[in-house]
Amino acid sequence: AERLYGMIGLGAGVGAIAGGALVGASSRISAGWFAFVAAGLFFVAALLPMGFTSNGQAKVREADVAEPRVPMRVRAKQVVRQPYVRRVVLVSVLVTIAVTASDFLFKSQIAANVPAHELAETFGRVNVGLNAVSVTIQLFAVRPLLVRLPLPWVFAILPFGLALGGVGMAVAGSLGPALATKTIDGSLRFSVHRTAAELLLVPLAEASRTVAKSFVDVVGQRG
């Protein structure tokens with residue numbers, strides 16, 4: 001599992017890089033054309049899944065893959081009863097709160113230091129850079145970290161990084177610490193941290209893992 005989970009999310013990372021580049025280029029084209037391009041990409045993305053079962057392969061029955069619908073309150077009770085899962089969920093929720101706050105501070109600093117007509121291009125460049133770093137870490141750093149460090153330590157890398165970034169923003173209150181914190185978040189959250197979170201749930205029984213993962217995805221993730 002440690003070898004495979006390092007590859008999870010590469011498609012999203014590459015797509016985020018392309019999206020950031022597109023946003024960066026939006027400052028040089030009209031908003032109407034940019035909306036048209038975005039609509040075209042949505043249309044292509046909507047069409048692609050329609051061909052998944054049209055290539056002659058055996059179709060998977062819906063009953064074989066459908067998961068029973070469990071109310072969120074029931075899932076929450078199941079999570080609360082398991083201390084191990086409760087700790088994983090708690091860390092995920094706290095990290096989500098921290099990155100939401102740091103993202104707001106980062107954008108506030110960008111808005112205060114960058115002219116309004118350059119904001120789109122600036123955010124596009126930042127997103128391209130952060131996602132390029134994230135994909136690089138996913139490819140070359142996640143597996144060595146998982147092999148050499150205990151899994152809880154790997155899971156703690158992002159929270160410690162955000163804590164240091166938060167101290168820097170509190171002390172300096174300038175663009176530099178905000179950018180550093182954003183770099184920590186953007187490069188580690190969907191590579192090292194997400195992979196570690198997925199692996200922490202692997203030891204659970206299948207039923208408990210399904211409930212815990214769905215609960216973490218709902219209350220402990222931010223896009």
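In this predicted model, helix α6 passes helix α9 in a left-handed crossing. The chain holds 11 helices and zero strands, and its pattern along the sequence reads α-α-α-α-α-α-α-α-α-α-α.

**Helix α6 against helix α9**

- Two packed helices are described by the angle between their axes and by the distance between those axes.
- For α6 and α9, the axes come within 10 Å and cross at roughly 35°.
- On the α6 side, the residues of the contact are V88, V91, S92, V95, A98, V99, S102 and L105.
- On the α9 side, they meet F155, L158, P159, L162 and M169.
- By class, this contact comprises 11 nonpolar residues, two polar residues and no charged residues.

**Helix α7 against helix α10**

- Helix α7, which spans residues 119–140, packs with α10 at an angle of about 30°, and the two axes are 8 Å apart.
- The crossing of α7 and α10 is right-handed, whereas that of α6 and α9 is left-handed.
- From α7, the residues L130, V133, S134, I137 and Q138 take part in the contact.
- Their partners in α10 are K182, T183, G186, S187, L188, F190, S191, V192 and T195.
- The contact of α7 with α10 contains six nonpolar, seven polar and one charged residues.

**The nonpolar cores**

- The largest nonpolar core has 23 residues, and among its members F155 and V192 touch the most others.
- At least two residues of this core come from each of the helices α6 (83–113), α8 (142–148), α9 (151–172), α10 (175–200) and α11 (206–219).
- Helix α10 provides the largest share of the core, namely six residues.

**Residue F155**

- F155 is located in helix α9.
- F155 counts as buried because its relative accessible area is 6%, below the 20% limit for that class.
- When residues up to four places away in sequence are set aside, F155 touches V88, V91, S92, H193, A196, A197 and L200.
- F155 and H193 lie 38 residues apart in sequence, yet their C-alpha atoms are 5.5 Å apart in space.

**Residue A197**

- A197, one of the residues in contact with F155, is found in helix α10.
- The relative accessibility of A197 is 7%, and A197 is therefore classed as buried.
- A197 and K213 are 16 residues apart along the chain, and a distance of 9.1 Å separates their C-alpha atoms.

**The chain as a whole**

- Of the 223 residues in the chain, 29% are buried.
- Among contacts between residues at least 6 apart in sequence, 78% join residues that are at least 24 apart.
- The accessible surface of the chain amounts to about 13,700 Å², and carbon and sulfur atoms account for 68% of that area.

How values were computed
Residues numbered from 1 in each chain as written. Predicted model: local features only at pLDDT ≥ 70, side-chain atom pairs only at ≥ 80, totals over all residues. Heavy atoms only, no water. Core = buried A, V, L, I, M, F, W, Y, C linked by side-chain atoms within 4.5 Å. Buried < 20%, exposed > 50% of the residue type's maximum accessible area, 1.4 Å probe, protein only. Helix = DSSP H or I, 4+ residues; strand = E, 2+ residues; numbered from the N terminus. Contact = heavy atoms within 4.5 Å. Areas by Shrake-Rupley, 256 points an atom, 1.4 Å probe, with all protein chains shown as cover. Axes fitted to C-alpha atoms, helices over the stretch in contact; angles between N-to-C directions. Left-handed = near helix turned anticlockwise from the far one by under 90°. Nonpolar A, V, L, I, M, F, W, Y, C, P; charged D, E, K, R; others polar.
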